[in-house]
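Hello,

Here is the structure I promised to pass on. Please look through it first; my notes follow below.

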Amino acid sequence: MKLTSARGRAGAPVVGRGGSVVVELVSPATVRGLSCPYCGRPMPLDEAGMVAAQAAWGLCGAVATDDERTVGLLLVSAATVGDPQATVALVGALWVAPGHTGQGLGRALVRTAAAGLVRSRVAAMLANSAAPGCAGPPEGFLGGTGFAPMRPRGLWRMDLATTVRPPKRSVLARLGRLVQAVRPVAPPEPARRLRIR
């Protein structure tokens, strides 16, 4: 299965068994009226946190749709843990519909939400695998998507500052590449032997 990351609100297709699935960032208005296919609870679970996330970051999660039908959902809410300057996103719900599991949609939801949160300068995503129902993603899934276990048991963290951001190149390295492109450096010539008498 080929996965492509979503950019912005438009989303990008994720090719699956049943056609194309689009994964995109969402707002609280998009989520209202949905319910979890496993536990039946209506979404959103934490509407106040989602509204705070939307106001702070411009998103409250990611949704996967297949022919206008929601087949996956990841919801986050805003919180501060310890340092008030470092904001984190708490995963409030994460599920993929039964007919679409095993296709990489959960991973695509996490990547799409993480990319949106990085652009908003969020420090980390936290998930609680001990939470009941769809609010608690499985530990194996969290470990496989870049989350690291924390204490207390059941709490998982994805540090977005080190996980998602690409390394920055130095200005001198970029200047060197520019000079090489304009005027390539000739390869070194072999050394000549000198005879000393």
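Helices (H or I, at least four residues) and strands (E, at least two) are DSSP runs, numbered from the N terminus. Residues are numbered from 1 along each chain as its sequence is written. This is a predicted model, in which local features need pLDDT of at least 70, side-chain atom pairs count only at pLDDT 80 or more, and totals for chains, interfaces and linings use all residues, while side-chain values use heavy atoms, without hydrogens and water.

Confidence: pLDDT is the predictor's confidence in each residue, from 0 to 100. The protein averages 76, and 75% of the residues score at least 70. Over residues 1–18 the pLDDT is below 50, though this stretch has 48 contacts (heavy atoms within 4.5 Å) beyond near neighbours in sequence. Where pLDDT is low, the predicted coordinates should not be read in detail.

After α2 comes G58, with a positive phi near 85 degrees.

R121, in the loop between α3 (105–119) and β6 (124–128), has a positive phi near 65 degrees. R121 is exposed, at 66% relative accessible area. D67, in the loop between β3 (61–66) and β4 (69–80), has a positive phi of about 55 degrees. D67 is exposed as well, at 67% relative accessibility.

Regards

How values were computed
Buried < 20%, exposed > 50% of the residue type's maximum accessible area, 1.4 Å probe, protein only.
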